[in-house]
Amino acid sequence: MTGEFVINGETRTLEFDGADTLLDLLRANGYTEVKQGCAHGECGSCMVLLDGKPVNSCQVYAATATSLAITTSRGLTVDGSPHVIHQAWADSGAVQCGFCTPGMVVATYALLESNPNPSDEEIAVALSGNICRCTGYVKTFDAVHQAARWIAEHHEKGGA
Amino acid sequence: MSGITWAHPDTVGEALHTLAANPTARLHGGGTGLLRSDPREGLLVDLSRAGLGAITKEGGHLLVGATATLAELLERAAAVGGETHLLVQALRETATPALRNRITVGGSVAMFPPWSGLIGPLVALDAEVELAGGVGGTGDGAARAESRRSVPIVEYLTENSSRRGTIVTAVRFALYEDARYGWYRFVRLHFDYASFSLAVVLRGGDTGSDGAATIHDARIVLVGTQNRFDRLNGVEERLSAGAPAAVSIADLPSAIPARNGFSSEYLTEVAIVQLQRILNEMTHDRTGGLR
Amino acid sequence: MADYHVVGTPVRKVDALSLAQGRALFTDDYPVERPLFLGFKTSQMAHGHIRSIDTSAAEHVPGVVAILDYRNVPDRYFTTAGQGFPEPSPYDTRLFDSVVRYVGDPVCVVAAESEEALRAGLAAVEVEIEPLPSLFDAERARDADAPRLHAGDEHAAIPVPYRPEENLAAEVEIGFGDVEAGFAAAAFTERHRYTTHYASHAPIEPHSTVTWIDENDRLVILSSTQVPFHVRRIVARLLDVPVKRIRVIKPRVGGGFGIKQEVILEPYAALVTLRTGRAARFVLSREEVFRSSRTRHPMRIDLTAGVDGEGRITTLEMDALMNTGAYGAHALTVLSNAGAKVLPLFNKVENLRFLGRSVYTNLPVGGAYRGYGATQGYFAFNQELDIIARRLGVDMPEYCKRWHIREGETSGVFEALGEGKEGVAQIIESCGLDECIDRGAAAIGWAEKRGKRLAGRPGTVRGVGMAIAMQGSGIPKIDMGAASMKMNEDGSFNLLVGATDLGTGSDTVLAQIAAEALGTSAEKIIVLSSDTDTTPFDVGAYASSTTYISGNAVKKCALQVLEQIRGVAAEMLGVEPEALVQEGSAFVVGAKAGATGAKAGATDAAESRVSFEDVAYYSLYAENQFQIQAGASHISGVSPPPFMAQFAEVEVDLATGQVRVLEFVNAVDCGVALNPPLAEGQMEGAALNGIAWALTEEYRFSDSGALRNASFGSFGMWNAVDIPRMTTILVETHEPTGPFGAKSVGEIGINGPAPAIANAIYDATGVRLFDLPLTSERVWRALRNAAGGNAGTEARG
């Protein structure tokens, strides 16, 4: 079957199988930043935004995701440049193997959109669906705080 | 190529019509339940665009559309009931934020997994499940769509006849002015499959001169027992009669079976301990005494 | 430290930004032409003889292209363990066998055009297995009437004990002095039995391998591996393909922790590609990673310590039984490490005996898991220390400080206990353990909390516990790493290393080492790693070897390159090389310069200084052209241990046994931390893994030996909401044999949490648990038993 998908702002007509998940669809069409860690909705490495809300793409049937805005970590880049969230993650030592990171970034983006200055507790809850085996999550919190600070600075300077 | 095909009905009537024509079709709310069984053939009926997503406050009730997600219900319950509301306490600990954005209320009710964080609270709140279809053998979809009925959630969960051929369209429960809520689930970690959960609703009047509150209606639900869930009527009666709420194993209609590496003996003991703690805290008055 | 300009600084990981965006490619992200999709069919039975495999229906499933089973694959024995040759692990594995030995043991591989066809093909294969009696209890493995798991031509590749007729996969016995006499003369002895349990490394990226034949008819293996060179060799030997025809490339890897120090998928994918000419893609499901890959070996350790009137442990005996599962990968070496990395720590021991045995069972296969036996050994050792210190009335931090091995000292264990070969004697040249203990104790608030049984939330009590450890830096005389470098026009350098970055940041740290040695910045180093065609040999990422072994190779190589640069600079400036002084990435003529040739007497500043860029252009284009390049290797005669102290504060619910970790402190001496945030990151990740292993992670088996909780959610991993407050202290020493004073740090952090938490539970409750995991039910039972069955009554109505 075919369907129209809006991925990172681009509308694409894509073929898929009725049993495909959104994860299957995305990876088959070049969005390899969306990772498969467990395919059971338990690790968050496949996380994307669906109409702005974080979801595990392995838990969404592709057939039900047509015409909804899908955003991946790569979709957060601004004119081809890394988003400040990417920079904050890279800068904070929060990226080790990086396999969980695109999902973490997406979850961070969703958090900061609704809560620009989150507490540690709020960060923990927002990232509670993203498992990381490398970092122990310690620098993960630093990364989110750093991203929050930079976004706030950017706004102060009159950015969008 | 799998053998999965899809229908995306725009209305409940259309959905019922499709179900009638395809008796082996399966319903899709958010998809998380279906993906557990991962069907490779058959028709899947996607209800996510059939207009069942709204959450409405109707007088003293909240009417929650079947395809409303746990996240949406959590947000709404917090807005109308505050952070201490039973559903808010329970849903904050259920699944993860990303999963709550997909798990639907209707799907959760229809599936009722033993670790569910939704079912205990709904039972304790005496919720009603609104159904469409299933009643009567014939009639077209439109007629069936009209044949909406409401069943108490306990009946829905325990009577298979109320489920066959039906679509859950909504769940409805009262918003109490006079209730205190208690919630506990036994997990090792925040994201874990609960071995059991406790949902407590105590409805009481004004506090007396000694500062202790009276209870006129107590509901205590233990989910995850041999019976799948139990109301602890004995304790409820004692609380409503103003007697101390001491909990013992005799109060459990059925035991909690061994699961997740824990023994039945241990889980049952912990359930009693934790329930006692919840009740102590909930019935504790300002002067420190118990009623 | 003040002299270093690149090492010791928080250089951002070279691939961090690319990974954050999701642009960096992991194995399964690479575009591959029309790959075949591969999958395992695995045994549902723990032990059985394959009576028949009927693939006829599967072959007719549309899209199924090839099926491999024991009848059509090479039947030579090998070990999947990614170790140097000849491997110390027994050769007891075949690609497919006619016997299945655990639930999850691969029975066949199907290769199909699509995932859907693969699924259908696997379902259509019919396997009939005749059950054989199963063996699940390691304690019974060597009984005369125990079922025998390996009865063919399995053999050890090196002369070590191997007795499959007894289900014995490995045996080690070393000792010195006279333990019997020692115990007899001791003021007291403490003897206890400790057990540790199965776990999965659970890297978020599952095992993934892609293979294809390139335009030159060479087999290319792209794999999520820790050991690309071992993969090449093992596949070559197994499939009878010359090494020269194989290229192994490691792209980004989503975590390993030892689970990928193993050659699991590559031979099957390679075989399919060789037979069909098609690319092959083989990615394990999460369930398969839990069930059918590798695990941490469960161990039972009987530890006996004899203590004299001074409080010194004079006599130590460790008797270890290790369950290696159905196959013996790492059976000898993990076992040996339980002694080798633990017993030297208290080196004033005069009488010592280490006896270890690894036995087969019909259960999932043990492998290389961070800590590698030391983790199991330290669970026992650190509780023993807590017991002894308490019995002596000495505070554990003081007890540890008094008796641990110190700089300038050695232990007889180093020489006695190696990894398959003899051990190697060594003297400790850097040890900051005292400072680790002092600063860690202060950070956790030891004095304020120890023995105080402070109350937490209602019904709970708090306690603190600690653990110490040492590990190693590579395997002495066995591990080798090599590097090559060449210089480019702009003063940048290509650094080619075999060393394997799993996300650990080794590419970055090695770039820092090169930059430091050269006097340039890390940004000028372009790292290419882990490609068997282009990068020189490296054993791979294991045994905490990369920073120390590979780093030393990089340093040597960089210094050689620097010499060449100096030589060219001297030629350009018309002076002797010794007359030049280096100023960062430039050379200047020194004050006492002796000038020769045409440029004699030059006083113009422009003719007395050349930059690296100037040198590069000159060397490539101007005169006496040559490529500035070098290569170097490193092996080490020693394995200088990092040292560590860890501290845990717990809160125990007395009525339910539930344990919360409130705070955790890491204090580690890894020599000079070449990149402090990366070193911290290694400690933090390892520590949380250790905490989770101590309390919640576990394998639950059915009565028939099937793993029941093969998923992240049911296994018991911790997420961001579960974690304690964690502090990491880097204690700096200087290891003279390490690159710029560094030792390795990748494994040690996982060794302390379990015993620290067990010791903390004891501090809080007076109850000691000797068996992992420390589940709430076990704590509850222990509390009940201690109270004579009355525990928890205070919480009742």
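Q: What should I know about the numbering and the model before I start?
A: Residues are numbered from 1 along each chain as its sequence is written, while chains are lettered from A and ligands numbered from 1 in the order in which they are written. Since the model is predicted, local features need pLDDT of at least 70 and side-chain atom pairs count only at pLDDT 80 or more, whereas totals for chains, interfaces and linings use all residues.

Q: How many helices and strands does chain C have?
A: Helices (H or I, at least four residues) and strands (E, at least two) are DSSP runs, numbered from the N terminus. In chain C there are 20 helices and 26 strands. The radius of gyration of chain C is 28 Å, close to the 28 Å that the globule rule gives for 797 residues, so chain C is as compact as a globular protein of that length. That radius is taken over C-alpha atoms, and the globule rule is 2.2 Å times the number of residues to the power 0.38. Along the principal axes, the C-alpha atoms of chain C fill a box of roughly 95 × 75 × 55 Å.

Q: How much of chain C is buried, and what share of its contacts is between residues 24 or more positions apart?
A: A residue is buried if 20 or more other C-beta atoms lie within 10 Å of its own, exposed if 12 or fewer, and partly exposed in between, with C-beta atoms placed from the backbone. By that count, 62% of the 797 residues in chain C are buried. Two residues are in contact if their C-beta atoms, placed from the backbone, lie within 7 Å. Of the contacts in chain C with a separation of 6 or more, 80% are between residues 24 or more positions apart.

Q: Which strands pair with β24(C)?
A: Strands of a sheet pair through backbone hydrogen bonds, either parallel or antiparallel. Here, two strands count as paired if DSSP finds at least two bridges between them. Strand β16 (residues 460-470) of chain C runs antiparallel to β24(C) and is joined to it by 11 bridges; there, C:A469 has C:M644 as its bridge partner. β24(C) and β25(C) form a hairpin with 5 residues between them, and C:G657 in the turn has a positive phi of about 80°.

Q: Is β24(C) covered or exposed?
A: Strand β24 (residues 643-653) of chain C is mostly covered, with 11 of its 11 residues buried. Both faces are covered: buried residues include C:F643 and C:F647 on one side, and C:M644 and C:V650 on the other.

Q: What is the strand order in the open sheet of 5 strands in chain C?
A: The order is β7-β15-β14-β13-β8 (chain C), and the pairing is mixed. At the edges are β7 (168-176) and β8 (188-196) of chain C, each pairing on one side only. Direction ignored, neighbouring strands of this sheet are turned by 5° against each other on average. Helix α8 (residues 331-340) of chain C packs on the sheet, touching β7, β13, β14 and β15 (351-360) of chain C, and its direction makes about 150° with that of β15(C). For such angles, axes are lines fitted to C-alpha atoms, for helices over the stretch in contact, and angles run from 0 to 180 degrees between N-to-C directions. Within the sheet, 9 bridges join the antiparallel strands β13 (residues 299-307) and β14 (residues 313-325) of chain C, and C:R300 stands opposite C:L321 in β14(C).

Q: How many residues of chain A and chain C take part in their contact?
A: The contact takes 43 residues from chain A and 46 residues from chain C. On the chain A side, α2 (84-91), α3 (101-114), α4 and α5 (138-156) give two or more residues, with the largest share, 5 residues, coming from α2(A).

Q: Where are the domains of chain A, and how far apart are their centres?
A: Domain bounds come from an automatic or database domain assignment. For chain A it gives domain 1 (2-72) and domain 2 (84-156), whose centres, taken over C-alpha atoms, are separated by 22 Å. In this pair, 15 residues of domain 1 of chain A are in contact with 10 residues of domain 2 of chain A.
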